[in-house]
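Student: I am new to this structure. Can you show me how to read a few of its features?

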Amino acid sequence: MQSKKLTGLILIGLVLGIITGYLYRENAASEADIKAFASNISILTDIFLRLIKMIIAPLVVSTLIVGIAKMGDAKTVGRIGGKTMLWFISASLMSLTLGLIMVNLLKPGVALNLPLPDTHATSGIQAGALSVKDFVTHAIPKSVFEAMATNEILQIVVFSVFFGCAMAALGDRAKLLIDTIDVVAHVMLKVTSYVMLFAPLAVFGAIAATVAKEGLSILATYGKFMAEFYLSIGILWGLLILAGAMFIGPRVLKLMGMMREPLLLSFTTASSEAAYPKTLEQLERFGCSNKIASFVLPMGYSFNLDGSMMYCTFAVIFIAQAYGIDLTLAQEISMLLILMLTSKGMAGVPRASLVVIAATLAQFNIPEAGLLLLLGIDHFLDMGRSATNVVGNSIATAVVAKWEGELKKH
């Protein structure tokens, strides 16, 4: 009942945010007033996202360490990790390939009736080459305290795996410490329930700020592109659910029903991170064991961003189409493989999808200025990407739990 009540309040916040943002934009005296309003009201969202960031690190560390310690040994961790990465790589390939297929079928950039930015214009996005060396060095923490302070989930996962395996190797000697960290995990889940009370206000602030700044007219201007993108997202959801059904059967539909609140939260705030605590809670209610859910989910936030990856191929080809640049099949396949690697460095990078897209555009001599076509609607697109990341990670966790015989039947 409490979950349904919160979902209802989030929806009310969404509707009120649209109305408030629209009315303010229509009646504002100047563009400066609109910017000031958007900046002030987005404080509500900033507070909520800061509270989420406050609990993410201790929640991931405590649940993951206890989960790994209860697995028993490093061999079990390696087996589960291998199965998890197999699913993530398969889902990544499917997401990237679907984006490539859909953008070539729909050709959203071909009939674009918008003035194209000058090819020498700058988008303001720092492309940066996401090399394998950079990714590996970024994944290994210099200090666990620095990793926790900056919410580097991948680094936190690496430390927690080592710490959990060490506790498991000590056996009974580590029992007291395991029990203590387990209590910390339960305390953090309780703190999470308090933080979630701010969610409706955060949604209201985020939507009101976006509608006030961009206006609803931008949805009409980019309506066709956004409709085609969300159609592609819908097909990806269908494929992910179908893939999940192959392993957990019709229960995958029950899982999606239970995920409505984290999905709505990630969609309205355009942040997958905002939905992490609630996703973890719902996965355990669904029947996934704590040790599997607390291991697979944080890894998914680093390696399994299905919505973001599909958007990368969709956006790059869209910009190429807008500028009349024809890419060969070989070039598109090589782009897919490059994105397969570079997208793994997205975790923890602000506006990560845009950074990866900018780097990819540069490699294929496509004008980086094309990103300016997308910046105005990026928030609306990010809403779909974030929700899709939650769908992908929740299904991945349930499937790995099933493979390990750790999915309860109820």
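Tutor: Start with contacts. This is a predicted model. Leaving aside neighbours within four places in sequence, D378 is in contact with Y311, L354 and R385.

Student: Where is D378 placed?

Tutor: D378 belongs to helix 20, which covers residues 378-403.

Student: Is D378 buried or exposed?

Tutor: Buried means under 20% relative accessible area. D378 has 7% relative accessibility, so D378 counts as buried.

Student: Which residues does L336 touch?

Tutor: Again, residues up to four places away in sequence are not counted. L336 then touches L93, L96, T97 and L100. L336 sits in helix 17, residues 329-342. With a relative accessibility of 9%, L336 counts as buried.

Student: How far apart are the C-alpha atoms of L336 and F314?

Tutor: They are separated by 11 Å. Along the chain, L336 and F314 are 22 residues apart.

Student: Where do A270 and N365 lie?

Tutor: A270 is in the loop between helix 13 (260-269) and helix 14 (276-286). N365 is in the loop between helix 18 (352-363) and helix 19 (372-375).

Student: Are A270 and N365 buried or exposed?

Tutor: A270 counts as buried, at 13% relative accessibility. Exposed means over 50%. N365 is at 68%, so N365 counts as exposed.

Technical notes:
Residues numbered from 1 in each chain as written. Predicted model: local features only at pLDDT ≥ 70, side-chain atom pairs only at ≥ 80, totals over all residues. Heavy atoms only, no water. Helix = DSSP H or I, 4+ residues; strand = E, 2+ residues; numbered from the N terminus. Buried < 20%, exposed > 50% of the residue type's maximum accessible area, 1.4 Å probe, protein only. Contact = heavy atoms within 4.5 Å.
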